[in-house]
Amino acid sequence: MAQRATTMRLAPVETKVDILLVDDDATKRFALKAILAPLNQNVIEAASGSDALRQLLRQDFAVILLDVRMPVMDGFETAQLIRQRPRSELTPIIFVTALDRAETDMGRGYDLGAVDFVFAPVVPAIMRAKVSVFVELYKAQQELRRYRTQLERLVQERTTALTAINRELEAFSYSVSHDLRAPLLSFNGLNQSLLEDYGNALDPRAKDYLQRMRLASDRMTSVFDGLQMLFRLTSGEIHREPVDISAMAREVVDEMRAANPDRRAEVDISEGMTASADPRLAQILLTNLISNAFKFTAREPAARIEIGSEMVDGDTRMFVRDNGVGFDMIYAHKLYGAFQRLHSQSEFPGAGIGLATVRRIVNRHGGRPGPRVPWAREQPSTSCSELKKGLRSRTACWRPA
């Protein structure tokens, strides 16, 4: 006979909180304790004000029920001393008294931090309702305190882990800078010397091989430079300040024109674009995007580059847009990856680190790199396949923080 296993679900054990009941009359304490019994909490009794203060030295309470009229030290004097203790200065106090309202100095009680008064004869349901409010509030505070402790511990653990990762990255960066780069530079130097000293004695094929080796070495050096750039962008602090993006873009474009005097490109820069950013990182971001635009429009007889902003779904997005060579949208997800290339090295040389750099900078500023969206040719296309084949424009967007 098959046996079915049954799972017993244990109800979570609810943590009880402590309630302090202060009254010099044992009969009244017994009655109030009986009234509070349905709340299923720990009720601690104190027969005097001094006894209540001793209890407060031992533990914290969710709420204090304090008799107004007591010998030696009355309820008001006890409340004043309770409020002088830092750990109990915010503990709710409910005064319980057999005096009528006219005989009770309620103003003084509220000045001492009372949250309420309960007058005899006590209505059990009302008393439980008042006390339960502060019990639940205390439980919520304890839960928040527990979550905060867990969060602080988690943050500490993550900080320790990130510190270890950063140390490993620093060690890797050092290795790239010294242990790997040094042999590469030596190889490059020997290659150059061989070409200079024995180039005329080599046949064309051997000379071509040496030149290819030198180009491969240069590409490897650019990869190392890219890795170090990404590491520097990941570490270090960000110093935000208002940045005039329009003015910075004009400076970058002027530098591009000076570096490429033979290039003719129409560049349109929107006025008034600003962002809260680290100026150094913003400069690197714009330089990468604009240099990409210049590079991929190199074969266009009428190159056009646009730097501006737009509202998309309530977000302000800044973009660098050009009418350069297009790409297949199937590979759009690779655009912001390090060393990812959508064009061959022979067509458009580069290390493939530019947009990865852009993504790191945008992410560190709390923004989001947007899609790099290709545009279609200006002449109409009749089908989706024709549209894909005719892509000529590319856009890189980002949302400033």
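**Salt bridges, aromatic pairs and a buried arginine**

Asp67 is buried in this predicted model, with a relative accessibility of 3%, where buried denotes under 20% relative accessible area, exposed over 50%, and partly exposed the range in between (1.4 Å probe, protein chains only). Residues are numbered from 1 along each chain as its sequence is written. Because the model is predicted, local features need pLDDT of at least 70 and side-chain atom pairs count only at pLDDT 80 or more, whereas totals for chains, interfaces and linings use all residues; side-chain values use heavy atoms, with hydrogens and water left out.

The side chain of Asp67 forms a salt bridge with that of Lys28 at 3.8 Å, N to O, a salt bridge being a side-chain nitrogen of Lys or Arg within 4 Å of a carboxyl oxygen of Asp or Glu. Since Asp67 belongs to strand β3 (residues 63-67) and Lys28 to helix α1 (residues 26-36), the pair ties together parts that are 39 residues apart in sequence; helices (H or I, at least four residues) and strands (E, at least two) are DSSP runs, numbered from the N terminus. Lys28, at 30% relative accessibility, is partly exposed.

Twelve salt bridges are found in the whole structure, in a protein of ten helices and twelve strands in which buried residues make up 37% of the 401 residues. Of the contacts with a separation of 6 or more, 67% are between residues 24 or more positions apart, contact being defined as heavy atoms within 4.5 Å. Asp60 and Arg87 form a salt bridge in which the closest N and O atoms are 2.5 Å apart; this pair links the loop between α2 (49-58) and β3, which holds Asp60, with the loop between α3 and β4 (93-97), which holds Arg87, 27 residues apart. Asp60 is partly exposed at 28%, while Arg87 is exposed at 55%.

A further salt bridge joins Arg321 to Glu306, with the closest N and O atoms 3.6 Å apart, and links strand β10 (residues 315-322), the site of Arg321, with strand β9 (residues 303-312), the site of Glu306, 15 residues apart. Arg321 is buried at 12% relative accessible area, and Glu306 is partly exposed at 28%. The charged end of Arg321 also sits over the ring of Phe319, 4.0 Å from its centre, the criterion being NZ of Lys or CZ of Arg within 6 Å of the ring centre and within 35 degrees of the ring normal.

Arg83, in helix α3 (residues 75-84), is buried yet has no salt bridge, and the nearest side chain of opposite charge, Glu89, is 7.8 Å away. A polar atom of the Arg83 side chain lies 2.8 Å from the backbone oxygen of Thr91. Leaving aside neighbours within four places in sequence, the residues in contact with Arg83 include Glu89, Thr91, Leu112 and Gly113.

The structure holds four aromatic pairs, for which rings of Phe, Tyr and Trp (its six-membered ring) must have centres within 6.5 Å, with planes under 30 degrees apart counted as stacked, over 60 as edge-to-face and the rest as tilted. Tyr110 and Phe117 form an edge-to-face pair, 5.2 Å centre to centre with 75 degrees between the planes, whereas Phe117 and Phe119 are stacked at 6.1 Å and 15 degrees. Tyr110 is partly exposed at 39%, but Phe117 and Phe119 are buried. Together with Phe76 and Phe95, these three residues form one aromatic cluster.

Note on methods
Lys and Arg count as positive and Asp and Glu as negative; His and the chain ends are not counted. A polar contact is a pair of N or O atoms within 3.5 Å; within protein, one must be able to donate a hydrogen and the other to accept it, and residues adjacent in sequence count only if both atoms are side-chain atoms.
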